[in-house]
Amino acid sequence: MVTNVNELRLNKMSTYRLTIYTRPLCSDCQNLKKYLSNYHIPHQLFEVKTPEDEKNMVAVTGSKIVPGLVFKKRSLFQNRKVLIGFDANRNKIEQLVKQTS
């Protein structure tokens, strides 16, 4: 039986919760959102528009640079991986999407 690639990716992402932090005028952010949409990868989006938003993003990602991606593994230990930037981390992002647990 052949499985739809997007369906397979959704099933694998179910072990992770992905949160992304973006800015409205950031081209790398727009590329990331398009990528996630094209592959139907579920995620929570935070648009950084105010100094308070930026403060919250820095508290989570440790950086003011966007896009910030936070992969939280669904487990008792709340393991997480933080990546900053889409194009520079595309291979790592694809690896995390493909991982299964």
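Me: Before we start, what counts as a helix or a strand here?
Reply: Helices (H or I, at least four residues) and strands (E, at least two) are DSSP runs, numbered from the N terminus. The chain has four helices and four strands. This is a predicted model: local features need pLDDT of at least 70, side-chain atom pairs count only at pLDDT 80 or more, and totals for chains, interfaces and linings use all residues. Residues are numbered from 1 along each chain as its sequence is written, and side-chain values use heavy atoms, with hydrogens and water left out.

Me: In what pattern do they follow along the sequence?
Reply: The pattern is α-β-α-β-α-β-β-α.

Me: What does the chain average in pLDDT?
Reply: The average is 82, and 77% of the residues score at least 70. pLDDT is the predictor's confidence in each residue, from 0 to 100.

Me: Which elements have the lowest and highest mean?
Reply: Helix α1 (residues 5-13) has the lowest, 45, and helix α3 (residues 51-61) the highest, 96. Over residues 1-13 pLDDT stays under 50. Where pLDDT is low, the predicted coordinates should not be read in detail.

Me: New topic. How much of the chain is buried?
Reply: Buried residues make up 33% of the 101 residues. Buried means under 20% relative accessible area, exposed over 50%, partly exposed in between (1.4 Å probe, protein chains only).

Me: Which residues of α4 are buried?
Reply: In helix α4 (residues 90-98) they are Ile-93, Leu-96 and Val-97. They sit on the same side of α4, because they cover an arc of only 100° around the axis. That arc is taken from the directions from the helix axis to the C-beta atoms.

Me: And what is exposed on the other side?
Reply: Asn-91, Gln-95 and Lys-98 are exposed there.

Me: Where is Asn-89?
Reply: Asn-89 is in the loop between β4 (80-84) and α4. Asn-89 is buried, at 10% relative accessible area. A polar atom of its side chain lies 2.6 Å from the backbone oxygen of Ile-84. Leaving out residues up to four places away in sequence, Asn-89 touches Leu-83 and Ile-84. Contact means heavy atoms within 4.5 Å.

Me: What about Thr-61, buried or exposed?
Reply: Thr-61 is buried, with a relative accessible area of 11%. Thr-61 is in helix α3. A polar atom of the Thr-61 side chain lies 3.1 Å from the backbone oxygen of Ser-63.

Me: Which residues does Thr-61 touch?
Reply: Not counting residues up to four places away in sequence, Thr-61 touches Tyr-21, Gly-68, Val-70, Val-82 and Ile-84.

Key:
A polar contact is a pair of N or O atoms within 3.5 Å; within protein, one must be able to donate a hydrogen and the other to accept it, and residues adjacent in sequence count only if both atoms are side-chain atoms.
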